[in-house]
Amino acid sequence: MTFWEKIKLVTSKIWAFLEPLVKLFLTTAGQILAEIALREVKNLMLSDFTPAEKREQAYKRISTELQNRGLQLGASIIYAAIEIAVQKIK
């Protein structure tokens with residue numbers, strides 16, 4: 001992405017939509033969430049679960065690990081991280 005494309009993104013309406021998610025992923029909790037989500041999605045990619053089951057398994061595994069690390073994030077953020085991880089892996 002060029003500098004001007006980045007400027008265009010930040011000044012667009014889409015930025016207002018994405019800004020809260022981007023800000024979260026810039027925090028320590030967001031970075032931990034991204035790391036866990038990528039790992040768990042990769043682990044589940046070749047499993048025999050259906051796509052819906054993979055999504056629920058990923059959610060359970062991620063939320064459990066976050067709780068073990070003393071972090072509590074909302075379900076919508078965890079599901080967003082799962083979807084982002086899937087897109088990154090594809």
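Biologist: Let's start with W4: buried or exposed?

Modeller: W4 is exposed, with a relative accessible area of 63%. Keep in mind that this is a predicted model.

Biologist: And what about F3, buried or exposed?

Modeller: F3 counts as exposed, at 54% relative accessibility. F3 lies in helix α1, which covers residues 3-10.

Biologist: Which residues form the nonpolar patch on the surface there?

Modeller: F3, W4 and I7 form that patch. Together they have about 380 Å² of accessible area.

Biologist: How many aromatic pairs does the structure hold?

Modeller: Two aromatic pairs. In one of them, the rings of F3 and W4 have their centres 5.1 Å apart and their planes at 75°, so the pair is edge-to-face.

Biologist: And how do the rings of Y59 and Y79 pair?

Modeller: Their centres are 4.6 Å apart with the planes at 15°, so Y59 and Y79 are stacked. The pair links distant parts of the chain, with Y59 in helix α4 and Y79 in helix α5, 20 residues apart.

Biologist: Is Y79 buried or exposed?

Modeller: Y79 counts as buried, at 17% relative accessibility. Y59 counts as partly exposed, at 21%.

Biologist: Okay, new topic: charges. How many salt bridges does the count come to?

Modeller: Seven salt bridges. One of them joins K23 and E19, whose closest N and O atoms are 3.1 Å apart.

Biologist: Where do K23 and E19 sit relative to each other?

Modeller: Both are in helix α2, residues 13-25. They are four residues apart, so about one helical turn separates them. As for accessibility, E19 is partly exposed, with a relative accessible area of 26%.

Biologist: Which residue does E35 meet in a salt bridge?

Modeller: E35 meets R69, at 3.7 Å from N to O. E35 is in helix α3 (residues 28-45) and R69 in the loop between α4 (51-68) and α5 (75-89), so the pair ties together parts that are 34 residues apart in sequence.

Biologist: Is E65 buried or exposed?

Modeller: E65 is buried, with a relative accessible area of 19%.

Biologist: What does E65 touch?

Modeller: Not counting residues up to four places away in sequence, E65 touches I36, R39 and E40.

Biologist: Which residues are linked in a network of salt bridges?

Modeller: E35, R39, E40, R61, E65 and R69. The pairs E35 with R69 and R39 with E65 draw on residues of that network.

Biologist: Now the inside. How many residues does the largest nonpolar core have?

Modeller: That core has 17 residues. Those with the most contacts inside it are L33, I62, L66, I78 and I82. The elements giving two or more residues to this core are α2, α3, α4 and α5.

Biologist: What is I62 in contact with?

Modeller: Leaving aside neighbours within four places in sequence, I62 is in contact with L33, I36, A37, E40, I78 and I82. E40 also belongs to the salt-bridge network.

Biologist: Last one for today: where is F49 found?

Modeller: F49 is in the loop between α3 and α4. F49 counts as partly exposed, at 34% relative accessibility.

Biologist: And what is F49 in contact with?

Modeller: With L44, K54 and Q57, again leaving aside neighbours within four places in sequence.

Note on methods:
Residues are numbered from 1 along each chain as its sequence is written. This is a predicted model: local features need pLDDT of at least 70, side-chain atom pairs count only at pLDDT 80 or more; totals for chains, interfaces and linings use all residues. Side-chain values use heavy atoms; hydrogens and water are left out. A salt bridge is a side-chain nitrogen of Lys or Arg within 4 Å of a carboxyl oxygen of Asp or Glu. Buried means under 20% relative accessible area, exposed over 50%, partly exposed in between (1.4 Å probe, protein chains only). Patches are made of residues with over 30% relative accessible area and no salt bridge: like charges are joined within 9 Å, nonpolar side chains (Val, Leu, Ile, Met, Phe, Trp, Tyr) within 5 Å. Accessible areas come from the Shrake-Rupley method with a 1.4 Å probe; for residues, only the protein chains shown count as cover. Rings of Phe, Tyr and Trp (its six-membered ring) pair if their centres lie within 6.5 Å; planes under 30 degrees apart count as stacked, over 60 as edge-to-face and the rest as tilted. A nonpolar core is a set of buried Ala, Val, Leu, Ile, Met, Phe, Trp, Tyr and Cys residues joined through side-chain atoms within 4.5 Å. Contact means heavy atoms within 4.5 Å.
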